[in-house]
Amino acid sequence: MTDATVSESGHRLKPLTPAMLRGLSVRSNLRGAAQSLGHYGVIVLVGALIWMVASRHGVLWALPLMAVQGYFVAFLFMAVHETAHKTAFRSRGLNLVVGHLSAFIIGLPYEYYCLFHWDHHRYTQDPDKDPELIVGVKPTSDTQLAIAYSGLMQVAGRLRLMLGHAITGKVTMPWIPEGKRATIVMEARAYVALYILLLALSLWFSSALLLWVWIVPLVIGQLFLRPYLYAEHTGCDRTRSAFQNTRTTYTGAVVKWSAWNMPYHVEHHAYPSIPFHALPKLNEIVDGEIVHRGRGYIRTTRETWAWFRRQRRAASQMQNSGRGATGASS
């Protein structure tokens, strides 16, 4: 994931001097700890409120809190993402600890994601090589599109993949090198074993605590996370330039904080070595070079939804044209 300043099409980035790049690339254990503890602190606080309300008044009264909890639990994906780049902390050990913990909570094995994400950066928007496009859903109806935006298919898919790795011991995804496949299998088995242990403990103590403060919120949270993730590249150009194949979405402070500043996504893809806390400053430098600019996630989600529908209609028209040509030649 090297820093790129000029695309193949000649699109220029306002240059950063080596000194500026070095300054922006400084990693901080303190900034990483503050972000991580803040994110986890909110989850613990809201989780305690869910349990208190559910115990006293019933689960239905706690549903609004579960939606809030779901947002913050699902957005632990951002902790996984930043630690995958090893930029959340200066310490490699802290990156691994927070990365694995966050990955375990959202059901996305950390080492597997690191390799998946490496190829995403190498081949962004390449339909034949970008893992996000390879495994991405290709809806053929509005119903399938709505299901895709719920995130449930994606969660089910990665859990099924993890179980497959754990049970069969086989890894076939092209972005996993041969030498890493044993690690991926061992990781999947460790995650699955811990999930089974937690389930057994919950049944032993007849406790629904984890169900209401973790599992149900995680499912609800996909309704927030998936549209956010679609905003990063959907509808952007299929070029090698981060300033053309990625979108930065301008949004409020709460979203930027909970997403670890990843709404500045063009900046991240152009300079993946720069940690999350320096992205707002980088944005001030390169803002004028950004091609795809989202104006809030509600508006951007409407745009990405419309893009998916246009793609579906275009594919349908091509298919119908092909059938017509075949019929005419018969």
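Ala, Val, Leu, Ile, Met, Phe, Trp, Tyr, Cys and Pro count here as nonpolar, Asp, Glu, Lys and Arg as charged, and the others, Gly among them, as polar. The model is predicted: local features need pLDDT of at least 70, side-chain atom pairs count only at pLDDT 80 or more, and totals for chains, interfaces and linings use all residues. Numbering starts from 1 along each chain as its sequence is written, and side-chain values use heavy atoms, without hydrogens and water.

Start with the pockets. A pocket is an open set of points on a 1 Å grid over the protein atoms alone, where a 1.4 Å probe fits, with protein on both sides within 12 Å along at least five of seven lines; lining residues have an atom within 4 Å of a point. Volume is the space filled by probe spheres set on the points, which are joined across faces, edges and corners.

The largest pocket holds about 1400 Å³. It has 50 lining residues, and Glu 132, Leu 133, Val 135, Gly 136 and Val 137 are the closest to its centre. Helix 16 gives the largest share of the lining, eight residues. Helices are DSSP runs (H or I, at least four residues), numbered from the N terminus. The lining has 27 nonpolar, 15 polar and eight charged residues.

The second largest pocket has about 400 Å³. Among its 19 lining residues, Tyr 195, Leu 198, Leu 199, Trp 214 and Ile 215 are the closest to the centre. Helix 5 (92-106), helix 9, helix 10 and helix 11 each give two or more residues. By class, this lining has 16 nonpolar, three polar and no charged residues.
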